[in-house]
Amino acid sequence: MSLARKLQKWVENDLITAEQSANIKEYEKSHNGSLFLKLSFSIVGILIGWGICLIIAANWDALPNILRIVGAFSLFALFIGGAYCQLKRPNSRLQEMFLLLCFLMIAGIIGLVGQTFNLEGGWHSFVLLWTVLGLPYVFCSRSIVLNAVWICLFLSGIIDGSFINWLLRIFPWLKDLDFEKYAIPITLCVTTFYTVLDYAAQKIDRYVNKYTVLATSFSSLCLISAYWAVFFCGFFYMDTKHGILTAIAHILVLAYLAFRMSLAVRAQDANAFKRNAFAAELYIFLIFMSCFGNLLTTGVGFVIGGLLLWGLIEILRKTSKYIKGMEIFND
Amino acid sequence: MTKKFWGGLFFLPLVCLVIWTIFLAVQQKRGSEVKVAIQGYDPRDLLSGHYIQYQIDWDKTDCTQFVDNVCPKEDFCTDARWGRECRFYVPEKSASELDKLFRKFRSGDENMLFEVVYSYRAKHQAMAKTLLINGKEWRQFLLSMPQQ
């Protein structure tokens, strides 16, 4: 049900006045889903920033060690200065950007020092040092992405591979499961089945226009399962070099998300549209992250990917504004 | 919380990293140079990314360069699940060429000696400084190789 209809009902039932209804409409019209934009721009920032770092890394063998280290520390100090200057401006996008850059810079400096002095040590020692030193910036940041990334990194540092070894010792039969043999056909069948079911459930819901717990629960379950199945299919091929199969898996995921977005536009549901749009952006980001190759080509790929994503966000932002307009004013 | 507090907190990681880097540089400078022979230990992961993973071949290493003519095995490399892991970082451009050489060396195709020069102080973690192939610094060795 659109907001306009809801407001009309609330006015009719004397829950709110006509003036309040008009104020709510005005507020909703001017309100820009800032969380969606913040999350989207964080992804673009990480992709472009990382890309630039890789392009520099590809060519800096020519620089002497001392110059590299001094350069990296100077850049880090510059970013800290930037974040510090923005302290008096809470919710500033510039501050978020500087905090993110400071956090990434720590990883870069640890890597650089590690390379310069040929330090040994696994993922856990690198990531634990990074997350502990990066804590002040994450603590100060209001970005959900940065905080979530920090938690994932910190946990991965603690768990590392030793946790998996422990799990395999307790459940040795896990080693015998042949995931590769059955996973893909089952996933494809389940995805198709759930997508059809989900589409049918939405159709029924629209025609019946009546809230039923069982149908809603079933629909939610189907929806979650469909997302799980589609993303599983995509992630399964993400880290492999299967060429055509990988491309098909990526197209399947993006096509599904596009399908969900088109349903959201039809249903005039701006929030559902944003959720799916964000999932699509995140997925595109992960595709670029998974395609590591030569430093220079990966760096260029990241920058181009970031710019493409930026363009996509602008289109999605306009579409979500359009949906919001329909949501409010379409009776 | 005050701006000064946040300022101090923001600069703390930078200070920690600078101290760490200086500590490593001093440690590398104060150590004496020792040469140890190396060998590959896992054919699937000889050159992972842009570093060579190796094990020290203590049988081929001259232990007279250490105190009491005893090789201090515990001071070299770090413990990993698969043994003691050692790394030497190489630039991306030379990685594939070194990888080929190292594989040939492992399979015994070519009679080569791979050594790593370490900066070593007794009871301190040794730090790799450079890689030698047949006694030559690895860059010079690659330059002296006939172009294929």
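Analyst: A residue is called buried if 20 or more other C-beta atoms lie within 10 Å of its own, exposed if 12 or fewer, and partly exposed in between. Keep that cut-off in mind. A:Ile52 has 14 C-beta neighbours inside 10 Å, so this residue counts as partly exposed. One caution before going on: the model is predicted.

The part to look at is helix α4 of chain A, residues 65-85. Start with its length. The helix has 21 residues. At 1.5 Å a residue, these should span 30 Å. The C-alpha atoms at its ends are 30 Å apart, which agrees.

Next, its sides. Which residues of α4(A) are buried? They are A:Ala72, A:Phe76, A:Phe79, A:Ile80 and A:Ala83. Viewed down the axis of α4(A), these buried residues fall within an arc of 100°, so they line one face of the helix. An α-helix has 3.6 residues a turn, so residues three or four places apart point the same way. The face of α4(A) turned away from the buried side carries exposed residues: A:Ile66, A:Leu67, A:Val70 and A:Ser74.

What do the buried residues of α4(A) pack against? In chain A, they pack against α5 (93-116) and α6 (123-140). From chain B, α1 (3-30) joins in.

Now the contact between the chains. On the chain A side, 26 residues are in contact with 30 residues of chain B. Helices α4, α5 and α6 of chain A each supply at least two residues of the side that touches chain B. The largest share of that side comes from α4(A), with seven residues. By class, the side of chain A that touches chain B has 17 nonpolar, seven polar and two charged residues.

Between α5 and α6 of chain A runs a loop, and A:Asn118 lies in it. Most residues other than glycine have a negative phi. A:Asn118 is not a glycine, yet its phi is positive, about 50°. Is A:Asn118 buried or exposed? With 22 other C-beta atoms within 10 Å, A:Asn118 is buried.

B:Asn69 is found in the loop between β3 and β4 (78-80) of chain B. With 9 other C-beta atoms within 10 Å, B:Asn69 is exposed.

Stay with chain B for a moment. Three helices and eight strands make up its secondary structure. Strand β1(B), residues 32-39, has partners to examine. Six bridges join β1(B) to strand β6(B), residues 114-120, and the two run antiparallel. In that pairing, B:Lys35 stands opposite B:Val117 in β6(B). Two bridges join β1(B) to strand β3(B), residues 51-56, again antiparallel. There B:Gln39 stands opposite B:Gln55 in β3(B). Buried residues make up 21% of the 148 residues in chain B.

Back to chain A. Chain A has 13 helices and zero strands. Of its 331 residues, 29% count as buried. Residues 24 or more positions apart account for 68% of the chain A contacts with a separation of 6 or more.

Where do the nonpolar cores lie? The largest has 32 residues. Those with the most contacts inside it include A:Ile43, A:Val44, A:Leu47 and A:Phe285. Helices α3, α10 (213-238), α11 (244-266), α12 (270-290) and α13 (295-329) of chain A each supply at least two residues. α3(A) gives the most to this core, with eight residues. A second, separate core of 30 residues includes A:Phe76, A:Leu99, A:Val127 and A:Leu133. A:Phe76 is one of the buried residues of α4(A).

That brings us back to A:Ile52, which sits in helix α3 of chain A, residues 34-59. A:Ile52 touches A:Gly299 and A:Val303, leaving aside residues up to four places away in sequence. A:Ile52 and A:Leu296 are 244 residues apart in sequence, but their C-alpha atoms are 9.3 Å apart in space.

Key: Residues are numbered from 1 along each chain as its sequence is written. Chains are lettered from A and ligands numbered from 1 in the order in which they are written. This is a predicted model: local features need pLDDT of at least 70, side-chain atom pairs count only at pLDDT 80 or more; totals for chains, interfaces and linings use all residues. Helices (H or I, at least four residues) and strands (E, at least two) are DSSP runs, numbered from the N terminus. The expected span of a helix is 1.5 Å times one less than its number of residues. The arc is that of the directions from the helix axis to the C-beta atoms. Two residues are in contact if their C-beta atoms, placed from the backbone, lie within 7 Å. Ala, Val, Leu, Ile, Met, Phe, Trp, Tyr, Cys and Pro count as nonpolar, Asp, Glu, Lys and Arg as charged, and the others, Gly among them, as polar. Two strands pair if DSSP finds at least two bridges between them. A nonpolar core is a set of buried Ala, Val, Leu, Ile, Met, Phe, Trp, Tyr and Cys residues joined through C-beta atoms within 7 Å.
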